[in-house]
Amino acid sequence: MRAAALTEFGAPEVLRETTVKDVDAGPGEVRVRVRAAGVLPFDVRVRGGWTPPFIKREFPLVLGNEFAGTIDRTGEGVSGFEVGDEVLGYGVLGGYAEYVVVPADQIVRKPAGMPWEVAAGFSGNGQGAHMALSTVGVRPGDTVLVNAAAGGFGTFAVQLALAWGAGRVIGTASERNHDHLRALGAIPVTYGEGLAERVRAIAPEGVDAAVDAAGPEALRASVEVAKDRGRVTTMIADEVAQELGLPPVAGARSAERLAELVELYVQGKVNIHIREAYPLARAADAHRDVESGHGRGKVVLTVD
């Protein structure tokens with residue numbers, strides 16, 4: 001089967017379209033004919049050589065841990081899904097390919113009106129935002145700060161906080177993305193030096209909760225303006241979070257969590273903006289795009 005795979009770790013150009021061994025569904029698993037796959041910072045880090053203990057350093061290595069497509073095979077013992085079902089789901093590796101195999105409890109049905117690109121990019125950032133906001137305990141009426149609010153994670157976090165009843169969401173982004181944040185329902189503020197003062201100008205009493213996907217500087221500013229640092233967390237600045245005594249993001253991805261997010265999509269409460277959809281052969285360009293740290297919304301790969 002065709003896939004975008006690594007034969008070594010390194011810069012984006014090591015990610016190339018190639019032919020790899022086909023995959024098949026075992027007991028309790030489904031094989032999905034992939035229509036599109038999301039591109040996450042996690043994938044970028046693995047490509048660069050970061051390999052957590054649950055990833056085997058074996059080449060060729062096919063990246064991609066969120067996807068959408070059509071079930072074409074089911075393994076023994078699978079119930080609730082059939083060949084032909086349109087689904088979205090998650091794994092750890094394997095999404096940048098014509099076919100991916102995952103346990104049947106890692107997929108949910110795709111709503112009929114959800115575009116493939118949106119479905120592909122829904123699971124990773126959506127579940128990440130769900131876990132982060134659950135960690136800081138967003139409550140009705142809260143003022144919530146979201147750092148890097150225009151990116152894939154941040155866009156989801158803004159909408160989800162509002163769906164859960166937050167009174168207002170303050171989102172940090174470059175000025176060119178401020179209109180986008182307003183359209184989502186957030187109050188935009190600009191990144192960089194003086195961030196804490198700009199947030200205080202909007203919320204003199206401080207913010208009730210904060211989630212971060214921007215990095216150390218923004219995380220430190222979040223702590224400055226937070227009423228309770230126990231309600232501040234980050235997706236990326238783990239070392240600084242430990243230094244500041246902040247809680248790590250808790251929980252794990254699950255089909256139940258993903259199904260809740262899909263239902264909110266059906267209700268019109270959450271959606272994602274697709275920044276760019278690259279063909280599989282341009283996976284390296286997709287990684288460069290994500291690695292740039294700029295841009296609005298989500299990057300995905302399409303698999304013809």
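Predicted model: local features only at pLDDT ≥ 70, side-chain atom pairs only at ≥ 80, totals over all residues.
What do the buried residues of helix H7 pack against?

Residues are numbered from 1 along each chain as its sequence is written, and side-chain values use heavy atoms, with hydrogens and water left out.

Back to H7. The buried residues of H7 pack against strand E9 (143-147), helix H6 (195-202), strand E12 (209-212), strand E13 (232-234) and helix H8 (238-244). H7 itself covers residues 216-225, and its buried residues are Ala-218, Leu-219, Ala-221, Ser-222, Val-223 and Val-225. Some terms, quickly. Buried means under 20% relative accessible area, exposed over 50%, and partly exposed in between, with a 1.4 Å probe and protein chains only. Helices (H or I, at least four residues) and strands (E, at least two) are DSSP runs, numbered from the N terminus.

Now the whole chain. Its secondary structure comes to ten helices and 15 strands. The C-alpha trace spans about 55 × 40 × 35 Å along its principal axes. For 304 residues, a compact globule would have a radius of gyration near 19 Å, and the chain agrees, at 19 Å. That radius is taken over C-alpha atoms, and the globule rule is 2.2 Å times the number of residues to the power 0.38. Buried residues make up 55% of the 304. Take contacts between residues at least 6 apart in sequence: 67% of them join residues at least 24 apart. Contact here means heavy atoms within 4.5 Å.

On to the cores. A nonpolar core is a set of buried Ala, Val, Leu, Ile, Met, Phe, Trp, Tyr and Cys residues joined through side-chain atoms within 4.5 Å. The largest has 42 residues. Which of them touch the most other members? They are Leu-88, Phe-122, Leu-133, Val-146, Val-169 and Val-211. Look at Val-146. Leaving aside neighbours within four places in sequence, Val-146 is in contact with Gly-154, Ala-157, Val-158, Val-169, Ile-170, Gly-171, Thr-172 and Val-211. There is also a second, separate core of 39 residues, including Val-87, Ile-107, Leu-280 and Val-299. In soluble globular proteins, nonpolar side chains tend to be buried together.

Next, Leu-133. Leu-133 is found in helix H3. Its relative accessible area is 0%, so Leu-133 is buried. Beyond neighbours within four places in sequence, Leu-133 is in contact with Val-138, Val-144, Ala-157, Leu-160, Ala-161, Trp-164 and Val-211. Leu-160 is 27 residues from Leu-133 in sequence, and the two are 8.2 Å apart, C-alpha to C-alpha.

Stay with H3. How do H3 and H9 pack? Helix H3 (residues 123-136) and helix H9 (residues 255-266) meet at an angle of about 100 degrees, with their axes 10 Å apart. Axes are lines fitted to C-alpha atoms, for helices over the stretch in contact, and angles run from 0 to 180 degrees between N-to-C directions. So H3 is roughly perpendicular to H9. Angles under 35 degrees count as roughly parallel, over 145 as roughly antiparallel, 65 to 115 as roughly perpendicular and the rest as oblique. H3 contributes Ser-123, Gly-126, Gln-127, His-130, Met-131 and Ser-134 to the contact, and H9 contributes Arg-257, Leu-258, Glu-260 and Leu-261.

Is Ile-272 buried or exposed? At 10% relative accessibility, Ile-272 counts as buried. Setting aside neighbours within four places in sequence, Ile-272 is in contact with Val-118, Gly-121, Phe-122, Phe-156 and Lys-298.

One more helix. In H10 (residues 283-291), the buried residues are Ala-283, Ala-284, Ala-286, His-287, Asp-289 and Val-290. Their cover includes strand E1 (2-6), strand E2 (15-19), H1, strand E14 (274-279) and strand E15 (298-302). Gly-293 follows H10, with a positive phi near 75 degrees.

Last, two backbone details. The peptide bond from Phe-59 to Pro-60 is cis, with omega near 0 degrees. Pro-60 sits in the loop between helix H1 (41-47) and strand E4 (61-62). Then Ala-148. Its phi is near 65 degrees, a positive value in a residue other than glycine. Ala-148 lies in the loop between E9 and helix H4 (152-163), and Ala-148 is buried, with a relative accessible area of 10%.
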